[in-house]
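Have the sequence and the structure open as you read.

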Amino acid sequence: MRITDTADLWWKNAVIYCLDIETFCDSDGDGVGDFSGAAQRMDYLAELGVTCVWLMPFYPSPQKDDGYDVMDFYGVDGRLGTLGDLVEFIRTAKDRGMRVIADIVVNHTSDQHPWFQQARSSKDNPYRDFYVWRSEEPPDTSKEVVFPDKENSIWNKDEKTGEWYLHRFYSHQPDLNISNPAVRDEIAKMMGFWMELGLSGFRVDAVPFFLETMGTPEGESGDPHDYLQSLRRFLSRRSGDAVLLGEVNLPYEKQLEFFGDAADELNMQFDFIAMQQLYLSLARGDARPLASTLEARPPIDPDNQWATFVRNHDELTLDKLSDSERKEVFAAFGPEERMQVFGRGLKRRVPPMMGGDLQRIKMVYSLLFSLPGTPVLFYGEEIGMGENLDIEGRLAVRTPMQWTDEDSAGFSSAPPDKLVAPLVSGACGPDKVNVAAARRDPASLLGFMGTLIRRYRECPELGWGEFQVIDQPNPAVLAHRSVWEGNSVFLLHNFAAEPATVTLKMDDDDVPAEGGLLTDLLQDSRRPISPGEDLELELEPYGFRWLRVQRPGTGRLW
Ligand code: GLC
């Protein structure tokens, strides 16, 4: 692999930071975050080490699904600023060496979108086929709905024309018909538009639903993967380094289909499977569920990448665990009903789930940055923000960013009751957890996160390397190795509340015959190491270590 490849395939070891403009920073005091406010925080993100900002939907929207219900694919929600402000935001990010990607939500539109308004006006309207209709009474689909607390069918009857339209999500989000070439054209045009304004790619919402052709006659729409390939080709023509990061919460074998046989579909996919097993391991104090999942993770093309995360903007879904495993995780991290959502997930953030134990929280983030893949942070994770359980459903974790200990958390000069979302209170509220205080405290989670990010970036082994779980007898410990271009990094994580000792056997592949150095990347120590040496390593309760074996002349920073 040459240096040119590492720069071109920037997503292989990016640090992605997801934020919602609405809740990040308000510059004009109206209680709603805006692009100008977020642009003022660009140096904060750069200092943290973020290399790519992922913007949640900022498009005009009736806000019935927090902006995932888009009514104009070419605009900016007026509360957040203008197209001009968005472009300035992207320019500012680029000046600091950061890229910007954005959510693209094309499985559906809002029912307020002019296309749907047209489509529902009559059966022969030219926009009718932009959506998926059926004329016969639909069967019972109550088991197929994504939001079981709100919907009981994926079909909704439109009274005016007496037909039913498909909606995988809420009934106010009619699904687009991607079998229709006119819809495909519109999607490409709109992606091209945002690329022209400076985006570096997209987080593609709900990919499997977007690609499904349910409700259209068999054989009429072709293979949806051909369509995804054509979208990728289109983007690559417009901009060689554009990324498609897909939301595909499916078993690994299914996910492979979305990378494409020739690595010609999505560049990246979130790893929902490892995320869920990670929580099972944390709940049990047993690294094995995560270890065996990572071992079973299928190899992918070197151009592709997994996006790892421990929290995102949605419910922390546990849908791929068995019922009894899910119960274990609920019991450990969200025993009360108000902490759970849709019967399958949690509405909590990491620090409260870990009982505020800083060592354990650090261990979770050490894992995030050292598991093979590209880490994705959700805003506020770096300072240890919590959730507000009084807020309904998934919105519990989408509270205003906590910049200071002031009344409105430094997010806005508007009073707390005028903010776009309620603040967090209690142990993780702004008076206890905020950026201003964390910046002044060398022992803060923020300081630690900065160190992790720097080490991650300095260890191309982690994003690029070959990954292996190392056999060792202690079930509470995950020991793994990432090797790239002859350099090995060893990572140890103790999932238990008791200390652990791990013996690592250094074989000849790992250690050069002469001149090898063992560097502890988080404790800043180093010493010579010889092949065949057994390393006895101590781990504190919930302890972790990052160790590099360096060959002479490789020039890695230590
Ligand atoms: C995705 C988003 C979620 C949204 C849904 C419908 O799953 O992550 O927030 O509600 O799509 O657009």
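## A look around the model

Over residues 18–398 the chain is 34% helix and 13% strand, with the end C-alpha atoms 11 Å apart. Helices here are DSSP runs of H or I with at least four residues, strands are runs of E with at least two, and both are numbered from the N terminus. In UniProt, an unreviewed entry lists residues 18–398 as "domain: Glycosyl hydrolase family 13 catalytic"; positions from that record are given in the numbering used here, feature names are shortened, and annotations may be inferred rather than shown by experiment.

A word on ground rules: this is a predicted model, where local features need pLDDT of at least 70 and side-chain atom pairs count only at pLDDT 80 or more, while totals for chains, interfaces and linings use all residues. Residues are numbered from 1 along each chain as its sequence is written, and side-chain values use heavy atoms, with hydrogens and water left out.

**Helix pairs**

Two packed helices are described by the angle between their axes and the distance between the axes. Axes are lines fitted to C-alpha atoms, for helices over the stretch in contact, and the angles run from 0 to 180 degrees between N-to-C directions.

| Helix pair | Angle | Axis distance |
|---|---|---|
| α7 (residues 181–196) and α9 (residues 224–238) | about 30° | 10 Å |
| α11 (residues 272–284) and α13 (residues 323–333) | roughly 60° | within 9 Å |
| α15 (residues 358–370) and α17 (residues 445–458) | about 20° | 10 Å |

Take α7 and α9: they pack at about 30°, and that makes α7 roughly parallel to α9. (Under 35 degrees counts as roughly parallel, over 145 as roughly antiparallel, 65 to 115 as roughly perpendicular and the rest as oblique.) The contact, meaning heavy atoms within 4.5 Å, involves residues including Arg184, Ile187 and Met191 of α7 and Tyr227, Leu231 and Arg238 of α9. By class, the contact of α7 with α9 has 8 nonpolar, 1 polar and 2 charged residues. Here Ala, Val, Leu, Ile, Met, Phe, Trp, Tyr, Cys and Pro count as nonpolar, Asp, Glu, Lys and Arg as charged, and the others, Gly among them, as polar.

With α15 and α17, the angle of about 20° means that the two helices are roughly parallel to each other. Among the residues that meet are Leu358, Ile361, Lys362 and Phe369 in α15, and Leu445, Phe448 and Tyr456 in α17. The residues of this contact divide into 10 nonpolar, 1 polar and 1 charged.

How do α11 and α13 lie to each other, then? They are oblique. Tyr279, Leu280, Leu282, Ala283 and Arg284 in α11 meet Glu325, Glu328, Val329, Ala332 and Phe333 in α13. That contact holds 7 nonpolar, no polar and 3 charged residues.

**Two loop residues**

Val50 sits in the loop between α4 (42–48) and β2 (52–55). Is Val50 buried or exposed? At 5% relative accessibility, Val50 counts as buried; buried means under 20% relative accessible area, exposed over 50%, and partly exposed in between (1.4 Å probe, protein chains only). Not counting residues up to four places away in sequence, Val50 touches Val15, Tyr17, Leu45 and Met98. Gly450 is 400 residues from Val50 in sequence, yet their C-alpha atoms are 9.4 Å apart.

Glu540 is found in the loop between β21 (534–539) and β22 (544–550), and at 49% relative accessibility Glu540 counts as partly exposed. Leaving aside neighbours within four places in sequence, Glu540 is in contact with Gln359, Asn494, Glu498 and Pro499.
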